[in-house]
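Me: I would like to learn how to read the way two parts of a chain sit against each other. Could you take me through it step by step?

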Amino acid sequence: MKFNTKTIHGKQQPDLAYGAVMPPIYQTSTYAQSTPGGHKGYEYSRSKNPTRDALENAFASIENGDFGLAFGSGLAAIDAVLKLLKSGDEVICNNDLYGGTYRLFTSVFKNFGITFHFVNMDNPDAIEAYINDDTKLIWVETPTNPMLNIIDIEATATIAKKHNILLAVDNTFATPYLQQPLDLGADIVMHSVTKYIGGHSDLVMGALIVKEKSLAERLYFIQNASGAICGPQDAFLALRGIKTLHVRMQRHCENGKAIALYLASHPKVENVYWPGFESHPNHDIAKKQMKDFGGMISFTTKGNDYNTSIKLIENLKIFTLAESLGGVESLAGHPASMTHASIPKEEREKTGVVDSLIRLSVGIEDEEDLINDLKQALG
Ligand code: P1T
């Protein structure tokens, strides 16, 4: 089955009770048993719920995995991966990460004795210098949030395999429409489903997808033991979102390209970060591992002026100034004060997250309206 068909039919079947084409929302915490242990596969909804099952199967299908797990948020999914580790273990991650991921690593798991190395992964060989016997996980976000750097998943997977280290890829910005990290050798794919997979800015959810059964079992144990699951109503919404992922992503990419080109030609714009430019430092890797370049763009205003950037985002009328990304509507954000505020200024500026940086999540509205909005705001 090819990708577009998988988003609609992958590992799905009509509901067994009445043939409902969409799985019913099983809004229940518990299930009747005829005798202790005598049940129909479901005991308690933290452990298993039929609506969540349908969604988890769909996750596995679209990422070419065998097992999917749904969590109450993207961060809850990352939290579950980190719980595979123990005190004394070390993690190597890229140095340009979503601010909340950085905060979870440095302000929560560091306190439990886990060491994190934040590394520029432009050249994956740089990872080797940080590997020792305690290294248990490589965490990669690609494209990165918000600088749109691209990390070579296949090359990183080769290094991880050589040293018997788990490789997890945060695939939130790309989605499986653009890249499928398990096929490139990753062990775990993670998503903030809140974003493109949900696609309508109406839920908060996370996902993990794996191929290996024993890894899936360990993660399922953590999902059930820690309990950060998603509810059935949200599972239903995410499943509905997945069914249009491919058509939405196609338009996000088309609009993203048009806006990246427009911004790059504007005299009041300094730098535009978008992996589709041939001048982007990781363009060749993007071309190799992604189908297209996505709808996320970051840029700075001429002279790197904070006040100009703030005025610009305040003036936007169709782009909404808001946290988050990946919904059908276009959003604009100011990473330094919003999504990446939890990273110390000195640290974030090293990777380019300066005070004049603006991040756009380009939606699927008419391209002309989006460009006109930027034109009037820049004017
Ligand atoms: O917000 P949540 O569903 O918990 O997902 C966290 C997360 C993980 N990974 C990446 C790459 C992300 O972008 C996020 C969430 N990001 C935002 C809210 C944002 O506006 O960037």
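Reply: Let us start with the distance between the parts, keeping in mind that this is a predicted model. The centres of domain 1 and domain 2, taken over C-alpha atoms, are 26 Å apart, and the domain assignment places domain 1 at 3-243 and domain 2 at 246-378.

Me: How many residues of domain 1 and of domain 2 are in contact?

Reply: Here one counts residues on each side that have heavy atoms within 4.5 Å of the other side. In this model 43 residues of domain 1 are in contact with 42 residues of domain 2.

Me: What area do the two domains bury between them, and which residues of domain 1 lose the most?

Reply: Buried area is the accessible area that two parts lose on being put together, summed over both. For domain 1 and domain 2 this comes to about 3,400 Å², with 60% of it on carbon and sulfur atoms. On the side of domain 1, the residues that lose the most area to domain 2 are M147, Y177 and Y196, which together make up 23% of what that side buries.

Me: Which residues form the salt bridge, and how many residue pairs are in polar contact across the interface?

Reply: One salt bridge is counted between the two domains, and D152 forms a salt bridge with K288, with their closest N and O atoms 3.0 Å apart. Across the interface, 18 residue pairs are found in polar contact. By class, the side of domain 1 that touches domain 2 has 20 nonpolar, 16 polar and seven charged residues.

Technical notes
Residues numbered from 1 in each chain as written. Predicted model: local features only at pLDDT ≥ 70, side-chain atom pairs only at ≥ 80, totals over all residues. Heavy atoms only, no water. Domains from an automatic or database assignment. Buried area = accessible area lost by both parts, 1.4 Å probe. Salt bridge = Lys/Arg side-chain N within 4 Å of Asp/Glu carboxyl O. Polar contact = N/O pair within 3.5 Å; in protein donor to acceptor, adjacent residues only side chain to side chain. Nonpolar A, V, L, I, M, F, W, Y, C, P; charged D, E, K, R; others polar.
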